[in-house]
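User: I would like to learn how to read the overall features of a chain and then the setting of one residue. Can we work through an example?

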Amino acid sequence: MWIVAPGWFDDLVAPGRELRRSANGVLSALSSHEGGSRYDGRAALYDHLVSNSFYNRRVWRSSVASYATFAAAAVASGDGPMLDVGCGTAVFTADAYRVAERPLVLVDRSLGMLTRAAQRLELRSQDSSRIVLVQADLLDLPFRPASFSTVASFGVLHLFADVVTVLDRLQAQLASGGSLYATSLVSQTAISKGVLMLLHLGGEAASPRRASELEVLAGSALGDEFSMRTEGSMAFLSYHPRAR
């Protein structure tokens, strides 16, 4: 168990929001009456699947290395607090987070995912001044607006039907002059479209979108100050707005 909620983190929490201690040092913004996440019991399976290089090449025509490189770019984009919403088990981000020299707030709705992320990051008491794990809902984040110099959300956008609202919520957390990084699966091939449709039918993802559709939706939320590229069926979005 490590100590949580250093002083810098307390300054990020919105007035009136209370976070309680949960399992394994995680702070929770959810009430004790709210149920768990469907991913709580799937963290190990998630790890095994999404970290598999063959799976990523065959289904998504992308690579684990590309995901890790994009995460490292997000970490290197500033030195103020960084928020990762939908951090999962930190399977692609752990290497960058272990060596980051900036405060990190890692958020996920699933306590099971966060517990595994803590294990992967090998958090100890000395990390408490730099990394805080928070169980919270993306659409109800417990932080003050404009608090983070980098906001990231990797592999999350394809889970939501309303991408514009999701990006609006993420953008609201971004400090003036900060940067936003996000990735999303897109249906660029018959295989990726089929897998995304199966996930959609199982209630695990939104209806499949092509990269061109995602780009239009991102433009609606972010304007013309974002860029997007694809590698196979993974889209990489970067947003670097001019300081307000």
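Analyst: We go from the whole chain to a single residue. The model is predicted.

User: What secondary structure elements are there in the chain?

Analyst: The chain holds nine helices and nine strands.

User: What share of the residues is buried?

Analyst: Buried means under 20% relative accessible area. In this chain, 51% of the 244 residues are buried. The accessible surface is about 11000 Å², with 52% of that belonging to carbon and sulfur atoms.

User: How many charged side chains are there, and where do the centres of the two sets lie?

Analyst: There are 23 positive and 23 negative side chains, and their centres are 5 Å apart.

User: What part of the contacts joins residues 24 or more positions apart?

Analyst: Of the contacts with a separation of 6 or more, 70% are between such residues.

User: Now one residue. Where is Thr93, and is Thr93 buried or exposed?

Analyst: Thr93 sits in the loop that runs between strand E3 (82–85) and helix H5 (94–99). Its relative accessibility is 5%, so Thr93 counts as buried.

User: Which residues does Thr93 contact beyond its neighbours within four places in sequence?

Analyst: Those contacts are with Ala71, Asp84 and Phe154.

Conventions: Residues are numbered from 1 along each chain as its sequence is written. This is a predicted model: local features need pLDDT of at least 70, side-chain atom pairs count only at pLDDT 80 or more; totals for chains, interfaces and linings use all residues. Side-chain values use heavy atoms; hydrogens and water are left out. Helices (H or I, at least four residues) and strands (E, at least two) are DSSP runs, numbered from the N terminus. Buried means under 20% relative accessible area, exposed over 50%, partly exposed in between (1.4 Å probe, protein chains only). Contact means heavy atoms within 4.5 Å. Accessible areas come from the Shrake-Rupley method with a 1.4 Å probe; for residues, only the protein chains shown count as cover. Lys and Arg count as positive and Asp and Glu as negative; His and the chain ends are not counted. The place of a charge is taken as NZ of Lys, CZ of Arg, CG of Asp or CD of Glu.
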